[in-house]
Structure formats: structure tokens, C-alpha cells
Amino acid sequence: MVIGLIASVPLVSERIQTERSTKNVEMVFDYRDLLDVSIYRPNPDAYIIEKLKLMKEAGIGTMSVYESSLEELKNSRRIQVYTPQEYSLLTGKPLTPGENYTYLLFTSTEARDKLQPIIEKTYRDRLDINVSSWSYNNRPGLIISLPYEEANTKPMEPDPITMDMLQNQGFRLIVRLSNRMQPYSEEELEGLLHKLSSRGVKRIVFDGSAVTGYDENPDNNHVKETAELLKKYGFGAAIIDRLKAPQKGFTISFADQLDYNIVRLFPLYDTEVNLKPELIEDKLVLAVKDRNLRILFLNTKAAKDLDKGYINDYLDNLLKSLTGSEEDQTEGAIARIESLGYNMGEAHAFVVHGESLKPLKLVLLVAGTAVIALTIAMFFPILTLLAFVLGALGSLALYVLSNSIALQAMAFGVGVCAPTLATIMAIRYLRRLREGKSGSGWVRATLVFVAASLMSVGGVFYVVALLSGITYYLVLEQFRGVALLHLLPIALVGVYALFFAESKKPGEIIARIRAILFAKITVIWVVLAVVFGGALYYYLTRTGNAGQASQMEKLIRTYLENGLGVRPRFKEFLFAHPLFILAAYLYMKYRNAIFLFVGAVMGQLSIIDTFAHLHTPLYISFIRVGLGIGFGILFSIVFVLVWELLEKGWRKWAPR
């Protein structure tokens, strides 16, 4: 185990260097949202220019543009689009039977010169749809032989006029490419990437549910070709956080082809822009600080405000969250992010460190087997050596077949065993103190708790080192088995407390098992089982990213986050850690207090779980765990005092 800890230190150190390799945070705004909102203003062009200026002053340095469509070009006032009925009214010509086409007129010479080739290439060349010319009052136009509803679904290259305008305003560009340009054409994609590269665009964010070129049929899947073209023209990509499902085709293989020139992106959805500015501010700061995200992607929407009688674009709300307000005494997200040591600018991918240290993971596989073997020894000492030898050989063999699975399996095994072993060793030490009548006290109980927590932190080093790698930092791979991690240590400590803690010989253990299995069940047992089941269910509902929290708890979380900088976990410092110290305090006096450790082990496994969030900076996780331990010790004083008061009251009033 000690050798494993020593081997883990260089890998943990290299991860810290990787996390610190880039400190730029890029603030991006969705230009399409601004365009959609502008149509509700009396002078859309002036509105857009005004808002772009305000965004630039607020610290937004990048605009996101999408593949264009007829609808977007119409909203941009580059073209006017007519249905057959509108065309008939405009020209005075009767409707032509059998023709349900789309008619468009360009609004300027620039629009015709720059957009007509793009429209014709999309409909005529790629989709093989007839496109013909027409004019009205000396204004040139096109007739597309598709109904408008269908013609509008066909994506085209991003609007070059819009990109020119945004770059002239001083904005960088991020381009959103979809998988909707069908059929896939490598030549067409290369032409587009060449144009974007000549503009200085450096990063692509995929739009929709799949990477450009993805297809369910492997024979038609062109993700590899897309990656090759992106790399050829020097483009990076971005992984969008908060998605219900990863974008199809965005795999480890795809990322590897890009040499991991990938940045994680936090989207602030248009459904969140109506939140209070300070709440938006907190979301953006936490995304950078706690989740290592480097692109903050802002959206907005237009909504009717019936109370004030106008269309609200929420941009003032959004900009206030970035710049802060003297009136509300808020700094703003940008100032807070910069105060944490980050710089506002173009986001860069992490520079990977530690690739030469991969052989150390073989040492950790063997050392991790030792942790598992020692945990087994707490139950069946005779199996210790056999478990270690077979486990070491098996993990190394699995590494040959699949190093990723072997490392993840060992990380899970150590993640379960480290808190279990720490708790059981604490129980054994405390039992010896009780049997030796060495006395008890809060200080000794606290020291036992600290020792157990340090052993769990040792397990943390194993998990972090085993799963060190860029694929984990980008969340292309994750720690597996989070639900089991939250259950197995509780189950193992419970089994130990019931059958093994007070029994040393196999015969005693068997007798203990028989006594429990054939014990008479009373009503109080049923009640306690229901209470325990309800508590376990509540515990699981709070586990993971989808865990539920009350509104009051969310407010307390925000208060702790803003006050301390890093928020300790509630279940650690308010429940599990104080309970561990109380359990140690009581177990030195009362044998049945051992069952309190079944709940107390939650704090130890939570230490592991904190670091299983591999996208969180290591220093944040260490601070979070340290605060949890510190506050847990303070709250344990309350737990012990309350127990002493209850005990004295019971002794005084129970005889009556």
C-alpha cells in the first residue's frame, strides 16, 4: 500500500500541472439569439449594433455563428422570401397549378454577390434541386423548386456578411456545424473549413445531437474524415457540458485524432437568463472554478413581459451578471473569475503532462490489489495472500486486454475498499481500547476519526492516479459505479458489525449468523427497518449530479460557497463526520454503538466520491474535504453534548 501511495504522487502532480496549463476563459454569446430578438425591435440593425457594443464592453469577446438557413437570412434582412400566394399578390400573376415553390429576392447587391453562390451550391449542386433566376422591379432573386417549409430545413454555409460584420466589431468567431448537411461531402466540408480558417476561426462547436459526418451505419460514418479535416486546418472542438446524452461520434478516438485539442463548454440556457443576475453569476463562476470549464456559452430569448408591456430580451439581466452592480453590491462573474487567477480570452486546450509516467499505473494495479486483499482480510484473514496474488495477476492480465477497463475496475475497487477498510480498522482499534479499559473521550474519538479520514484520503491518491489522463479531464471517460460506491461500504461495514466484529473464530461467526437469521422479529424491528429503508432511499436521491436538494439547502449552499470560496458537503460535516466521532466516543463504552458506524462510513466514502468528480480541480476537492473534516469535528461537539444530556436525563427519569 505504501509503495502504491509513493507511485501515485508523480501522477497526481502531473494532473495538477495539466489543470494549470491553461487559465484562459472565453465568454461566447449566441449571435443567432440576438438576431431572433432583433426582429421585435423597430430598428433591428441599430439594435444589433448597440447590443454588440454593450457586450464587447461587458467582456464578451466571441460570437457564435451557425450554418445559415433561409429563415436566418430573412431575419438578417439579406433576402425577402415569398410563398406562391405572396408571389402571386406581389407580381399580379395567377398561381401556377402544380408549383409550390419558394421565391426570394435579394435586398442588396452585396447580398446577391455573396449569398447567391452559397444558395445555388446548396440546393442545385448538393441537393440536385432546380434553382432558377427571376427579378422584380430590377431586384434579382431566385426560385427554389421546393415548398418554403422544406426549403428552410436545408442548412447552408454560415452567412459571410454576418461574419464580416462581427469581425469588424472586434469579435472572435466560434462556428457551430451540424450533421444536417446531407449527403455528407468531404470536398464541401473541406471547402468550408478552408474559408473559416482563412478568417482566423480556430474552434468548432457541433450543433445538434451528432458530430458532422456521423451515421449509425458504419459504412456511411465519416467522423474520421471530419476529424482529419479539422486537424488539417488547425481547428479544435468543444465538448458541451450539461447535455442529457453525449453527442454521437464524439468519442475518445475522435478526440485522439484531434490531438485532444478540445475545450469543455458550459451552456447558460435561454431558460435561465431570467434568473436573478447574482444566480447567473454564481453559475458561471462555479462552472469555471468547480468544473474546469473554459468556454462560457451565453444564450438569451425574447419573451412577453405582460406586467411591463414589452418584449423582454433579458440582455440587461445577462450583462449585469457579468459586470456586477454597485447598487446590489455584486462584483460580476468576470471580476470574480479573474480574481481566481483566470484570464478572459481565447480558450485553449489543456497541455497534457505525465504521458511518460503511465508505467507507474502498473504498480498501482498491484498496490490497489493489496488494498482490496487487506479489506477481505478484515472478514476472512485466511484468504489474504490468495486474494492478493490472484487479484494482482488478474488485474495485470485485464490491463493487457483493456487498460481502460482494468484501471477503472481497480479505481472502483479501491474506492469501495479504502473507506471500508478505514472504518473497520477504526472499529478494531476502538474495541481494543474498550477491552483494555483504556478510557474514552472526545479527543481520542476525534483522533481515531482523523486517522480513518487520512486512510480514506490515501485511497483518493490511488483513484486520482489510476484515472489520470486527458480523457477523464474532458469527461470522455468517467469514474464508473458511483451508485455502488455509495452503497457497498455501508453494506460491508454493516455485515462486519453484525457478524464479524465480536466474533473471531469461524464457529463463532456461524453461530452469530444463525442467531440473527432465526431471531424473532418484533414490531420495533419492522419499524426500524422501514426507517432505515426510508433514510437509505433519501440518501440515494441526493447522490450524484441528479441529486435533489430543497430550496433552503440551495440558499445555504450559495451562502457557504460565497463565504468560504469552496462549499463543504452537507452530508459530511452535518451528519456523517460528527456521527463517526460520536460512534467512536460511544463504542469505547457501549458495544452496540458499533452500528452507528454503518451510517458514519458515508462520510468516508464521500471523501472518495468528492475526488471521483475527475473534472473538478484537485485543489478544490482537497479544500472541500478539508473543510468537511474541520466542520465535522466542530459539529461532533454538539453531537456528543446532546448525547450526554440525553443520557443523563435517561438515567434520572427512566427509573420513574
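Start by selecting Arg41 and Ile311: a polar atom of the Arg41 side chain lies 2.9 Å from the backbone oxygen of Ile311. Before going on, please note that this is a predicted model, where local features need pLDDT of at least 70 and side-chain atom pairs count only at pLDDT 80 or more, while totals for chains, interfaces and linings use all residues. Residues are numbered from 1 along each chain as its sequence is written, and side-chain values use heavy atoms, with hydrogens and water left out.

Stay with Arg41 and show its surroundings. Arg41 sits in the loop between helix 2 (31-38) and helix 3 (44-58); helices (H or I, at least four residues) and strands (E, at least two) are DSSP runs, numbered from the N terminus. Setting aside neighbours within four places in sequence, Arg41 is in contact with Tyr47, Ile311, Asn312 and Asp313, where contact means heavy atoms within 4.5 Å.

Next, select Asn137, in the loop between strand 5 (131-136) and strand 6 (139-144). Check its phi: the value for Asn137 is near 50°, which is positive in a residue other than glycine.

Move on to Gln182 and Pro183. The peptide bond joining them is cis, with omega near -5°. Pro183 belongs to the loop between strand 7 (172-177) and helix 9.

Keep helix 9 (residues 186-198) on screen, as 3 of its residues form the largest share of the lining of the largest cavity. What is the volume of the largest cavity? About 150 Å³. Of the 16 lining residues, Met181, Ser185, Glu188, Leu189 and Thr212 are the closest to its centre. Here a cavity is a set of points on a 1 Å grid over the protein atoms alone where a 1.4 Å probe fits but cannot get out, and lining residues have an atom within 4 Å of a point. Volume is the space filled by probe spheres set on the points, which are joined across faces, edges and corners.

For the last stop, select helix 15 (residues 360-377) and helix 18 (residues 442-466), which pack at an angle of about 145° with axes 10 Å apart. Axes are lines fitted to C-alpha atoms over the stretch in contact, and angles run from 0 to 180 degrees between N-to-C directions. Show Lys361, Leu364, Leu365, Ala367, Gly368 and Val371 of helix 15 against Tyr462, Ala465 and Leu466 of helix 18 to see the contact.

Definitions and conventions
A polar contact is a pair of N or O atoms within 3.5 Å; within protein, one must be able to donate a hydrogen and the other to accept it, and residues adjacent in sequence count only if both atoms are side-chain atoms. On a 1 Å grid over the protein atoms alone, a cavity is a set of points where a 1.4 Å probe fits but cannot get out, and a pocket is an open set with protein on both sides within 12 Å along at least five of seven lines; lining residues have an atom within 4 Å of a point.
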